[in-house]
Amino acid sequence: MTESATGKPGSTTARPGQATLITVAPTGAESEKAAVPALPVTLDELVTTAKECREAGAAVIHVHIRDADARPTLDLGRLRDTVHALRESTDLIVQLSTGGAVTDSFERRLAVLDAGPDACSLTCGTVNFGGDVFMNPWGFMTDLYAKTQSLGVVPEFELFDFGHIAALHRLLAEYGPPAGGHVHCDLVMGVPGGMPGDAATLVHAVAALPAGATWSATGIGRTSLPVLFAALAAGGHLRVGMEDTVTFARGRAVASNAELVERAAAAAALVQRPAMTPAEARGMLGVPDHR
Ligand code: KMH
Ligand code: ZN
């Protein structure tokens, strides 16, 4: 059992009444626009989505971008334009994905930070990813972490499996605290090859997190609702979005990212931990306002 910043065991739970951080992951790298027409893939679509999701209760946007043919890209010019446009049009914390697509090179994934985001994802280990492998060997993790520290980009630690939690402890022990000084994790559950997306697994994972860390959780596909409600019940924060699920209910496709954020915000309000603003999220995560 971990020790909390407040000295109590069970450390990473939000206090009763503390607001809920909602991150929206609107696009991802896996779904195809042709198969999922509501997926935001152009800069205009992304900006519109960001505004709607901010209105619905999101405080962070986790960003993957697409090229002119709607295919995943880590093109630096496009990433810079995206960061700029999202900052101009919203006060959301802009978190760029350094995971990209499973086909992206380590070099290009490291270069993402040169686009100057507020924050970035940092996955703490390799994981089977359906029929693919999402590669995050120790040397890449440490290079990426060192770069976040030198550029002052606040990392969110993406944890797909229990070994990733062990690697996070090792990273912090060997390389020190992250930019911003606060550890925030995201449990990515239900990926075929990673940890399952259910309440028992979530509780077990949360107990293993570093002392004082805050955490969000997201469940892929049909695990999205069980993970959402388990995270709220366990005092955590939420990530939702079409990167993680494109089905709103049995037989009904997601119409927009905003409806996923609205549903998350409604659930958070129901447990009396309403959605936090981006300003509150910056305070919690240690993310300066670069706008
Ligand atoms: N698209 C996945 C291979 C991240 O954004 O950092 C990786 C991913 C994680 O989505
Ligand atoms: Zn992602």
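Guide: A residue is called buried under 20% relative accessible area and exposed over 50%, and partly exposed in between. Please bear in mind that this is a predicted model.

Visitor: Does Q272 count as buried or exposed?

Guide: Q272 lies in the loop between α8 and α9. Its relative accessibility is 61%. Because exposed means over 50%, Q272 counts as exposed.

Visitor: Where is A70 found, and is A70 buried or exposed?

Guide: A70 is not a glycine, although it has a positive phi of about 70 degrees. It is found in the loop between β3 (65-66) and β4 (72-73). The relative accessible area of A70 is 17%. Because the cut-off for buried is under 20%, A70 is buried.

Visitor: In what order do the strands of the closed barrel run?

Guide: The barrel is closed and has eight strands, with parallel pairing. From one strand to the next, the twist averages 30 degrees. The order is β1-β2-β5-β6-β9-β10-β11-β12.

Visitor: What angle does the direction of helix α9 make with that of β5?

Guide: Helix α9, residues 278-285, packs on the sheet. Among the strands it touches are β2, β5 and β9 (154-159). Its direction and that of β5 make an angle of about 60 degrees.

Visitor: How many charged residues does the contact of α7 with α8 have?

Guide: Helix α7 (residues 224-233) and helix α8 (residues 257-270) pack at about 35 degrees, with axes 10 Å apart, and their crossing is right-handed. The contact is made by L225, L228, F229 and L232 of α7 together with R263, A264, A267 and A268 of α8. By class there are seven nonpolar residues and no polar ones, and the number of charged residues is one.

Visitor: Which residues coordinate the zinc ion (ligand 2)?

Guide: Along the chain, the donors follow the spacing H-x1-H-x178-E. H62 is buried, at a relative accessible area of 3%, and H64 also counts as buried, at 10% relative accessibility. At 2.1 Å, the zinc ion (ligand 2) is coordinated by H62 (NE2), H64 (NE2) and E243 (OE).

Key: Residues are numbered from 1 along each chain as its sequence is written. Chains are lettered from A and ligands numbered from 1 in the order in which they are written. This is a predicted model: local features need pLDDT of at least 70, side-chain atom pairs count only at pLDDT 80 or more; totals for chains, interfaces and linings use all residues. Side-chain values use heavy atoms; hydrogens and water are left out. Two strands pair if DSSP finds at least two bridges between them. Helices (H or I, at least four residues) and strands (E, at least two) are DSSP runs, numbered from the N terminus. Axes are lines fitted to C-alpha atoms, for helices over the stretch in contact, and angles run from 0 to 180 degrees between N-to-C directions. Contact means heavy atoms within 4.5 Å. A crossing is left-handed if the near helix is turned anticlockwise from the far one by less than a right angle, and right-handed if clockwise. Ala, Val, Leu, Ile, Met, Phe, Trp, Tyr, Cys and Pro count as nonpolar, Asp, Glu, Lys and Arg as charged, and the others, Gly among them, as polar. Buried means under 20% relative accessible area, exposed over 50%, partly exposed in between (1.4 Å probe, protein chains only). Donors are N, O and S atoms within 2.8 Å of the metal (3.2 Å for Na, K and Ca); water is not among the atoms, so sites may look incomplete.
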